[in-house]
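Let's take a walk through this structure together, one piece at a time. Have the sequence and the 3D view open as you read.

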Amino acid sequence: MPTPPSLSSRLPVFPWDRLEPYKATAADHPGGIVDLSVGTPVDPVPEVIQRALADASDRPGYPTVWGTPELRDAITGWCARRLGARGLGPAEVLPVVGSKELVAWLPVQLGLRPGDRVAFPRLAYPTYEVGARLAGAEPVAYDDPRDVDPEGLRLLWLNSPSNPTGRVLDADVLRATVAWAREHGVLLFSDECYLELGWEADPVSVLHPDVCGESHEGVVAVHSLSKRSNLAGYRAAFLAGDAGVLGELLAIRKHGGMMVPAPVQAATVAALNDDAHVAEQRLRYAARRDALRAALEKSGFRIEHSEASLYLWATRDEPCWETVADLAGRGVLVAPGDFYGPAGDRFVRVALTATDERVAEAVRRLAA
Ligand SMILES: Cc1ncc(COP(=O)(O)O)c(C=O)c1O
């Protein structure tokens with residue numbers, strides 16, 4: 001029987017598998033591991049969201065891919081209130097099953113093929129490249145997107161605030177990039193899943209009229225509730241922007257059965273209509289960030305960027321795996337910077353997603 005060509009062979013080694021031995025070392029510490037490697041929320045799902053999920057538990061029928069009218073209203077309302085987006089209608093939003101699946105499968109769903117190109121930041125969340133490879137398209141890493149050759153470029157990813165660096169692109173840079181993408185007919189997707197986690201910067205959405213003007217043409221923002229609402233376990237995210245692009249994705253995703261479960265749709269409505277839990281969660285992360293930043297700097301690290309997001313981008317000017325090994329020996333696990341591209345090979349990414357008790361323990365161990 002002929003064997004089908006392996007899709008997974010197009011993909012890099014799953015990076016987190018390479019961290020396993022260091023995780024085992026850190027776990028052997030008598031005081032237990034402090035895991036600052038993955039940006040996974042550890043605080044409770046806010047009560048108001050849990051209640052909405054439970055209240056919607058009796059939903060025997062299929063949900064729709066486009067979501068309930070209540071969900072579409074909650075998304076457009078939130079985009080107007082929090083992003084300053086103007087005139088966004090229900091045809092300009094689309095729920096997705098967490099944003100990772102969207103990032104990974106977007107090029108396929110857009111019909112990209114070998115010969116097409118997908119560009120993303122040189123230091124980036126690895127799934128942008130994975131998405132390009134799944135479609136057989138060429139991945140292109142950039143320092144400045146406007147330096148990319150637009151020939152064959154079908155999709156441009158922005159990510160502000162950035163994972164892993166926490167860097168924020170200001171409105172002027174975003175506006176110039178949108179103008180460049182429109183001029184060259186390149187579709188621009190802006191991953192804004194850390195937008196509500198600005199510390200020393202106030203992140204601006206690509207949907208703000210100062211950036212995209214009065215039209216959303218050629219521009220789509222990606223938002224996730226995983227980080228801002230501690231909902232990584234629910235898989236709740238959405239797109240907002242160009243109606244033509246979202247209409248095409250809706251058609252494809254309907255055929256593919258890519259539906260957000262009905263109780264999660266109800267929970268997302270509650271989460272988007274409540275700003276109080278976001279403010280509360282921000283305070284927790286701000287305190288952890290201050291404590292970790294001070295402890296890292298005192299123990300010889302330099303922090304770059306990190307003005308927003310859930311991470312500190314730290315270096316001791318040595319190869320990242322040396323830093324990872326040293327910290328693992330002290331029971332603290334961090335992510336090596338080269339997970340996010342070779343340009344990160346002298347940095348580590350330190351996540352703020354550990355309990356206050358574990359963060360205090362990390363601070364003690366860094367001081368020792
Ligand atoms: C930049 C970026 N985009 C997307 C995601 C995916 O988040 P989710 O699938 O939970 O929405 C992450 C997760 O860490 C991320 O860092």
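Axes here are lines fitted to C-alpha atoms, for helices over the stretch in contact, and angles run from 0 to 180 degrees between N-to-C directions. Helices (H or I, at least four residues) and strands (E, at least two) are DSSP runs, numbered from the N terminus. What you're looking at is a predicted model, where local features need pLDDT of at least 70 and side-chain atom pairs count only at pLDDT 80 or more, while totals for chains, interfaces and linings use all residues. Residues are numbered from 1 along each chain as its sequence is written.

Let's start with a pair of helices. Two packed helices are described by the angle between their axes and the distance between the axes. For helix H10 (residues 276-298) and helix H12 (residues 356-367), the axes come within 9 Å and cross at roughly 10 degrees. Angles under 35 degrees count as roughly parallel, over 145 as roughly antiparallel, 65 to 115 as roughly perpendicular and the rest as oblique. H10 and H12 are therefore roughly parallel to each other. Residues are in contact if their C-beta atoms, placed from the backbone, lie within 7 Å. On the H10 side the contact includes Arg 288, Leu 292 and Lys 298, and H12 brings in, among them, Asp 356, Val 359 and Leu 366. By class, the residues of this contact are nine nonpolar, no polar and three charged. (Ala, Val, Leu, Ile, Met, Phe, Trp, Tyr, Cys and Pro count as nonpolar, Asp, Glu, Lys and Arg as charged, and the others, Gly among them, as polar.)

Now follow H10 to a sheet. H10 lies across strands S9, S10 (311-315) and S13, running at about 5 degrees to S10. Those strands belong to an open, antiparallel sheet of four, in the order S9-S10-S13-S12. (Two strands pair if DSSP finds at least two bridges between them.) At the edges are S9 (302-304) and S12 (335-336), each pairing on one side only. S12 is joined to S13 (residues 348-351) by two bridges, and Ala 335 stands opposite Arg 349.

There's another sheet to find. Seven strands make up this open one, in the order S2-S8-S7-S6-S5-S3-S4, and its pairing is mixed. S2 (93-96) and S4 (138-142) stand at the edges with a single partner strand each, so one side of each has no neighbour in the sheet. Neighbouring strands here are turned by 20 degrees against each other on average, direction ignored. Inside the order, S6 (residues 187-191) and S7 (residues 219-224) pair in the parallel sense over four bridges, with Asp 191 opposite Val 222.

Some loops deserve a look too. Most residues other than glycine have a negative phi, and most peptide bonds are trans. In the loop between S5 (153-159) and helix H6 (171-183) sits Pro 161, and the bond from Ser 160 to Pro 161 is cis, with omega near -10 degrees. Pro 164 is found in the loop between S5 and H6, and the bond from Asn 163 to Pro 164 is cis, with omega near 15 degrees. Arg 235, in the loop between S7 and S8 (237-241), isn't a glycine but has a positive phi of about 65 degrees.

What surrounds the ligand? Its shell has five nonpolar, seven polar and two charged residues. Helix H4 (residues 99-109) gives the largest share, three residues.

Notes
Two residues are in contact if their C-beta atoms, placed from the backbone, lie within 7 Å.
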